[in-house]
Amino acid sequence: MRLGVDVGGTFTDLLLHDEKGRRTFQAKTPSTPEDQSIGVVEGVKLICEKAGISPADIDLILHGTTVATNAVLEGKGSRVGLLVTEGFEYTLHLAKAWTPGPLFGWINMEKPDPLASLADTRGIPERMNARGEVVRELDVAAATALIDDLCSSGIEALTISLMHSYANAAHERQLRDIVAQRFPDIPVSLSSEILPEFREYDRAITTVMNDYVRPIMKRYLSRIEDRLADNGVTARLHIVRSDGGLMSAAAASERPVHTVLSGPAGGVTSTMMLSRRSGFPKLLAFDMGGTSTDVAVIIDGEATISRSTEVGMFPAKVPTLDVRSVGAGGGSIADVSELTGSLRVGPRSAGARPGPVSYGRGGTEPAVSDANVVLGYLPPVLLGGEMKLDVEGARKAVANVGQQIGLSPEDAAKGIIDIANEVMLGALRVITVQRGLDPREFGLVAFGGAGPLHGNAMAELLGCYPVLVPPNPGVLCALGFLEADFRNEFVQTYIRSTVGLDPAEVWSRFAELEAKAQTWLTEQEVTEADASITYSLDLRYEQQGFEVAVPVSAADVHNKGALTQTLADFHDIHERLYGVRFTVPVELVAMRVVARGATEPVEESFAEAASTDVKAAIIETRPGYFNGAWQDTVHYDRNRLGVGSRVEGPAIIRQYDTTTVLLPAHYAEIDAHGNILIWPVSKGN
Amino acid sequence: MTNATDTTTVDPITLDIIENALKNARYEMDGVVVRISLSPVIREQHDEFPMICNERGQMIVGQFGSYIPSVVEKFGGDVNEGDIFVWNDPYASKGSISHNNDWCVMLPIFHEKVLVGFSSIFGHMVDVGGTVPGSMPANARTIWEEGLRVPPVKIYSKGELNQGVLDIMLNNSRTPDMNRADLMALIAGCRTAGTRVKELCDRFGRETYMTACDMLLARTREAMRVVIRKYIPEEPVSFTDYVDDDGLGNGPFKMTLTISRRGDVAVFDWTGTDAQAEGPINFHIHEGLCKLFFGVYMIMSFDPSVLFNEGFYDLFEIVLPEGSLLNPRFPAALSNRLNTHTRFFDCQAGALGKFVPQLSMAAGYGTSPHFIFSGTDKDNKYFQLMELLFGGVPGRPKGDGFDGHAWWPLFSATPIEYIENYYPVLIERYQPIQDSGGPGLHRGGAGIEKVYRLLERGQVSIHDDREVVPPWGINGGLHGGTSSKWVIKNGETEPTRIPSKIDNLKVNPGDRVVFKTAGSGGWGDPLERAAEIVARDVRYGLVSREQAEKSYGVILTEDNEADLAATAKLRDATKKERGEPPAFDFGYTPPERQAAE
């Protein structure tokens with residue numbers, strides 16, 4: 001049996017899959033931010049009880065964790081020492097020299113301290129050039145003295161990031177050997193191993209970030225393994241990577257920087273799975289939570305992998321699922337600008353404490369959730385009767401905002417929702433139209449606590465149908481983990497013009513990377529049948545600053561022929577992405593090999609007990625505000641809507657972990673997988 | 001204000017949605033340009049500026065604005081769907097752009113055959129011809145030396161490319177491939193904005209969209225009116241700062257700004273500014289741009305979320321004396337106007353900051369330092385490295401200035417590993433300059449030192465300023481360090497000082513150029529800065545022990561921890577002797593000619 005565990009800010013969600021019984025069980029326990037492993041183990045105990053199994057029956061635990069992300073965002077990582085090339089001690093301090101726009105953007109800029117202090121940085125006498133040739137020999141005596149000084153100063157981890165080490169790692173390795181001999185207990189990361197790519201600041205900060213979270217991750221993973229063992233769990237533990245792949249707990253301790261977007265990865269992975277299963281090849285993942293909304297594009301059941309992301313103000317160049325995040329969620333606060341009298345929503349958030357006004361925990365400023373309460377979209381009682389909402393309080397707070405701009409409470413509430421939708425629309429536009437994709441060819445998967453409240457409205461704006469609300473949107477991330485593949489990337493930077501390039505230079509490097517990938521697959525115990533390897537080249541027009549990943553077939557890699565087809569593909573992809581092609585020479589930047597180990601899909605059989613008679617599913621009829629007027633709106637119990645049911649909008653569909661709003665002129669149907677599909681009535685049927 | 005007398009109004013929510021959508025479109029323009037362009041100046045350093053205008057050419061969202069009506073007028077209204085305009089001549093476009101390197105693209109946006117707006121972007125081309133690589137000769141006396149001048153022309157007419165114009169433009173550049181790609185990037189960015197505006201018209205109705213644009217202008221105007229009323233005193237306030245020199249040995253050049261208020265209207269009067277320079281530091285600025293710069297500064301200081309647009313232009317009155325540095329007569333040379341451009345901002349901060357604490361920023365590194373290295377490599381291939389450097393970002397009410405960061409928005413440093421992959425140089429050192437950040441309660445940012453070892457024979461051009469006149473401190477903060485440039489010949493160890501504005505300096509393999517930029521002024525009394533923070537700056541190598549004691553009154557122990565008792569004693573004594581700190585610390589006495597005025 002496999003168990004998916006997703007630790008969120010408020011709740012830890014678990015999903016257990018019994019392959020033989022074709023059953024799943026879900027559980028939810030409060031997260032324990034002071035030590036996430038406590039909540040995880042509580043959840044494991046709870047779900048074993050629910051499923052009536054012994055902890056020893058679990059074979060595999062797949063865990064998405066925000067331990068690394070939180071350490072960086074909260075500035076609570078380890079004390080990291082940093083060795084750089086002499087003359088470049090201030091690489092992290094100067095960063096990219098960037099200040100925000102527009103003019104005078106620096107007036108309000110805030111910049112956190114670098115992840116490795118200048119006091120813990122040493123310049124090593126040595127230098128490579130861009131071709132990997134030694135320009136200045138490594139001064140071993142001087143380096144040893146500097147290492148002794150730094151490593152005995154109380155640092156917890158050490159990063160070595162030298163100029164052009166992606167082209168020649170010899171000096172970095174020599175330094176590591178010196179450290180290993182003299183300070184065997186200090187963990188060391190080499191930039192040439194964590195990120196063998198050019199651009200010194202990106203490489204250094206990514207490697208430092210790895211060390212910054214490494215001791216914390218190591219302690220966390222050993223704690224969780226101990227606690228699980230104490231409770232009779234014998235399962236292997238795997239950690240979800242930012243790119244949605246899996247890595248062993250041991251690998252995660254070594255390279256925790258690969259987990260900085262572990263959390264949102266689950267939602268995207270499960271959207272990929274929904275896409276494959278439901279037969280909608282193009283989907284947008286729309287994960288709306290309390291403080292932010294994450295969106296991603298799925299095409300042919302696959303998400304794009306991005307080569308870089310940001311954690312707070314710091315860039316991290318690691319493969320991540322291409323997720324775009326905006327500061328608008330259910331907890332985003334609405335207020336009116338003093339100077340212009342315009343209504344604004346977010347990025348300030350009420351968070352979990354005090355939370356929206358309607359939660360009755362002391363919040364006074366109206367949040368997006370409060371607007372949903374005012375309009376009758378959120379019922380007065382949530383979470384299966386456990387949580388009562390303060391409807392009057394929400395209405396008063398929203399009315400107060402409305403008064404300042406001369407709107408009724410209803411219109412102000414509608415306005416707050418519309419503006420939040422517009423902000424989220426900006427994010428969806430960035431990942432679709434801005435990349436040459438037409439959103440009208442996509443469906444939209446709404447999940448997260450607030451996603452199904454807003455999904456229909458987003459679809460109406462973008463024209464992307466159907467809106468798909470999965471059966472258990474609250475545990476969708478945990479479900480995604482269960483279906484995640486083993487995945488790792490192997491990269492080599494090699495910057496050369498393709499004009500006059502001997503293709504053998506490319507193929508021989510691919511062969512080296514492939515060998516590494518094979519070794520890794522073996523280490524992860526992936527069987528040959530489940531293993532696969534793909535290849536791509538990062539190409540660009542000479543001197544362009546951004547690369548385009550061009551897939552290369554295994555046949556081409558093994559035939560070792562000319563690069564003609566790959567180059568033709570590059571021009572096509574560039575034109576599709578950016579609308580132009582040039583006749584300037586094409587440049588090779590890097591080779592990439594991706595290794596995967598496939599995982600068995602989660603198979604569930606659905607109880608056909610619920611009927612298609614929707615009348616039986618009616619809870620009550622309450623007023624809801626649609627199209628500028630209050631209307632009697634039927635509230636349905638989702639659990640009683642059987643496969644094939646059809647509900648006409650406007651309506652509200654309620655369930656334990658979320659609420660779905662069905663707008664007028666739309667209908668919802670339950671498909672064979674238990675998903676709610678929302679379509680506009682004009683589409684027929 | 002020239003709003004259409006339309007009786008329709010748009011509900012506040014739709015208005016906010018359109019505002020958000022236009023902001024998104026404007027950032028999408030940036031995204032498109034940066035992805036496609038080839039030159040590192042646009043791509044890595046973001047030297048490009050987009051905007052979206054209404055049908056009257058008023059900027060609704062963006063950073064510049066105001067020049068479109070004059071272009072439309074020039075074509076007698078012959079503006080059609082599919083037309084795309086391009087130009088780079090500051091004189092033929094009333095200072096919409098301020099030197100020939102900036103190529104400006106503009107296109108009209110039609111919705112169902114009705115003109116609904118314009119989109120426009122200008123970006124810095126690496127080379128547009130002229131007497132030196134990079135097209136910014138430090139010793140130019142006229143604009144004829146600064147490369148090809150293109151007046152507003154249609155590069156596309158009703159969708160059809162005018163190949164002749166394009167060929168002429170590219171044929172006059174040392175870097176035609178790069179310019180072609182960069183121009184196409186600017187065009188693609190403008191087209192993106194066009195598509196978005198059309199979609200908004202489809203979604204909300206054209207009338208609603210156009211009315212909303214007017215309302216956005218009115219809304220920003222009202223915000224600005226409140227701010228002007230509240231913060232601009234009726235009594236005139238003056239501030240004077242100086243540009244070092246014009247590259248021909250003349251200088252320093254005085255710039256004086258006097259601000260006052262008459263009712264709702266703020267008056268910005270540059271009378272007292274020196275006559276135009278013989279060299280290329282003249283800044284031919286469009287009056288509308290002056291207004292925008294003042295407005296953006298106020299908005300950023302008081303409420304950064306207010307949309308910048310042209311709505312408030314009638315609330316500003318600008319006086320730019322003809323024949324002065326800021327309103328030069330044709331054909332004065334313009335290419336190195338950035339020194340004057342930045343000093344414009346310094347005067348603005350000094351004058352506004354005298355009375356309003358929220359507006360008091362110190363002076364920064366004061367220009368956009370350039371390093372250009374060109375030549376022909378072993379394979380007989382022409383190379384031209386152009387890099388913008390940064391320095392100290394000013395001490396500010398919010399906190400310290402940044403060391404070696406960009407004063408200009410969204411600019412970023414080109415990675416050294418990138419430069420070394422493409423150009424025959426090896427960077428030996430890249431670090432902040434100790435003690436160059438002006439001491440203050442909030443320390444000014446430090447300048448940076450970059451040492452280039454040149455690996456091929458070639459020539460070097462340098463443009464910088466604040467070598468003579470340091471960046472001043474404010475509210476008791478002290479001035480920051482000045483810039484300097486040095487050459488160390490191959491095999492030698494002694495550096496030779498070279499001017500901050502120089503062209504075609506011959507260099508040989510192994511020669512080194514040491515490029516030091518200016519820091520910035522401090523903000524607030526340095527004697528009030530926490531001693532532990534001063535000690536940390538010493539441990540970080542950003543402040544010397546000597547400066548800690550002399551300027552901050554902080555005594556350090558041997559291992560650079562603050563000695564709090566000794567510090568308190570020294571600070572008390574220093575404060576007694578000094579009294580209240582002066583509002584400004586210039587660290588510079590102007591020559592007699594200037595002082596006498």
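Helix first. I looked up α9 of chain A, residues 262-278, and compared its span with expectation: at 1.5 Å a residue its 17 residues should span 24 Å, and the end C-alpha atoms are 25 Å apart, which agrees. The expected span is 1.5 Å times one less than the number of residues. Helices (H or I, at least four residues) and strands (E, at least two) are DSSP runs, numbered from the N terminus.

I note that this is a predicted model, where local features need pLDDT of at least 70 and side-chain atom pairs count only at pLDDT 80 or more, while totals for chains, interfaces and linings use all residues. Residues are numbered from 1 along each chain as its sequence is written, and chains are lettered from A and ligands numbered from 1 in the order in which they are written.

Next I checked burial of α9(A): 14 of its 17 residues are buried, so the helix is largely enclosed by the rest of the structure. Buried means 20 or more other C-beta atoms within 10 Å of the residue's own, exposed 12 or fewer, and partly exposed in between, with C-beta atoms placed from the backbone. After α9(A) comes A:G279, with a positive phi near 80 degrees.

Core. I took a nonpolar core as a set of buried Ala, Val, Leu, Ile, Met, Phe, Trp, Tyr and Cys residues joined through C-beta atoms within 7 Å. The largest has 369 residues, and those touching the most other members include A:V208, A:M209, A:L284 and B:V105. Helix α5 of chain B, residues 176-204, gives the largest share of this core, 13 residues. Apart from it I found another core of 5 residues, among them B:A140, B:I143, B:A333 and B:L334.

I then listed partners of A:V208, leaving aside neighbours within four places in sequence: A:V80, A:L82, A:L92, A:L115, A:A116 and A:T159 are in contact with A:V208. Contact means C-beta atoms, placed from the backbone, within 7 Å.

Chain A overall. I counted 17 helices and 37 strands. The C-alpha trace spans about 80 × 60 × 60 Å along its principal axes. Buried residues make up 52% of the 685 residues.

Contact between chains. I find 58 residues from chain A and 64 residues from chain B in it. On the side of chain A that touches chain B, α12(A) supplies the largest share, 7 residues. That side divides into 31 nonpolar, 18 polar and 9 charged residues; here Ala, Val, Leu, Ile, Met, Phe, Trp, Tyr, Cys and Pro count as nonpolar, Asp, Glu, Lys and Arg as charged, and the others, Gly among them, as polar.

Note on methods: Two residues are in contact if their C-beta atoms, placed from the backbone, lie within 7 Å.
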